[in-house]
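Welcome! Take a look at the structure before you start.

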Amino acid sequence: MRSIWNGAISFGLVSIPIKLVNATESHSISFRQIHTEDGGRIRYRKFCELEDREVTQGEIGKGYEDADGSIIPITDEDLSSLPIPTAKTIEIVAFVPGDRIDPLQMDAAYYLQASGAPAAKPYTLLREALKRSNKVAIAKFALRGRERLGMLRVVGDAIAMHGLLWPDEVRAPEGVAPDTDVTVRDKELDLADALMDTLGEVDLEDLHDEYREAVEEVIAAKASGEALPQAPEPAAGGKVLDLMAALENSVRAARESRGEEAEHAEVKSLPQRKTARAAPKQTGGKKSASTAKKTAAKKTTASAKKSTAKSGQGTKKTASKSTASKSTAKKAPAKKATPRKRSA
């Protein structure tokens with residue numbers, strides 16, 4: 001790999017000669033600007049305003065525009081002789097736990113390559129010290145005209161450095177979060193956790209740039225005069241108003257895409273699912289039949305008791321009536337004799 005910066009790591013009194021190489025590369029497809037009428041390339045030419053002529057790259061340097069509009073030339077030699085220790089040195093200033101670094105501060109990534117045989121021993125010493133301490137090194141270095149902050153960590157058998165933004169370059173998230181009060185229920189969190197568990201199980205090596213592949217297919221089709229690939233139909237759908245239903249459907253779809261059974265996507269804590277499962281128990285055939293038999297038996301016994309009670313009451317009433325008539329018949333002569341005594 002081609003180095004973009006040569007210098008040394010300052011580790012206390014230990015100096016480690018290194019080369020800085022890019023740890024990442026871009027695979028994005030770049031386009032040229034063309035004239036749409038004839039396909040001619042559009043190029044930008046660099047002209048000198050004072051001489052009104054095009055200049056070559058070798059004639060172009062740096063300059064700082066002052067407040068009054070005047071230009072102050074700055075050469076590479078001026079920048080290389082800056083009165084700072086980090087001009088050609090990655091100066092380690094501290095060792096901190098890795099979780100102390102906010103990911104928002106992370107910028108470009110580089111590999112630090114040992115420069116020559118003398119650098120092998122101190123390079124390995126620093127790498128093993130970082131491994132055993134489970135910490136990262138915070139360093140300052142100068143690159144492309146300004147001093148930067150960096151974080152050194154171990155990647156495999158190499159030392160990598162992440163460029164860091166200065167703390168005052170990270171903006172505070174003011175006005176970003178919702179300004180309304182929202183209550184999240186435990187059941188919604190349970191579904192979100194289930195979705196995170198399902199989507200979280202993925203090998204990063206399996207992920208790829210589908211957009212770049214689609215662009216390459218379009219370019220290949222146009223170059224060969226073939227028909228362009230058709231875009232897939234957008235998934236039908238509207239606004240999802242039920243968050244619980246949306247989360248449940250997401251869990252089910254994610255698990256089905258991984259070949260899991262659809263029934264496992266059901267969440268037991270949902271109230272509607274409890275009702276659906278309890279319903280068959282209430283309408284079981286054996287229990288309902290036995291209940292019906294018991295009810296019918298109770299009704300028959302009750303009606304029999306009522307009829308017996310009625311017949312008993314009828315018998316009692318008949319007997320009382322006959323008894324009353326007999327007593328009336330016996331008492332009748334006594335009532336007739338009473339007026340005879342009064343008439344005498």
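A cavity is a set of points on a 1 Å grid over the protein atoms alone where a 1.4 Å probe fits but cannot get out, and lining residues have an atom within 4 Å of a point. Grid points are joined across faces, edges and corners, and a volume is the space filled by probe spheres set on the points.

This is a predicted model, in which local features need pLDDT of at least 70 and side-chain atom pairs count only at pLDDT 80 or more, while totals for chains, interfaces and linings use all residues. Residues are numbered from 1 along each chain as its sequence is written, and side-chain values use heavy atoms, leaving out hydrogens and water.

**Exercise 1.** Find the largest cavity and describe its lining.

*Solution.* 
- Step 1: Searching the whole structure gives one cavity of 30 Å³ or more. The volume of the largest cavity is about 50 Å³.
- Step 2: Its lining includes Asp107, Tyr110, Phe141 and Arg148.
- Step 3: Sort the lining by class: four residues are nonpolar (Ala, Val, Leu, Ile, Met, Phe, Trp, Tyr, Cys and Pro), three are charged (Asp, Glu, Lys and Arg) and one is polar (the others, Gly among them).

**Exercise 2.** Work out which residues Leu112 touches.

*Solution.* 
- Step 1: Contact means heavy atoms within 4.5 Å.
- Step 2: Leave out residues up to four places away in sequence; Leu112 then touches Ile9, Ile18, Lys19, Leu20, Ile90, Tyr123, Leu152, Ile159 and Met161.

Note on methods. On a 1 Å grid over the protein atoms alone, a cavity is a set of points where a 1.4 Å probe fits but cannot get out, and a pocket is an open set with protein on both sides within 12 Å along at least five of seven lines; lining residues have an atom within 4 Å of a point.
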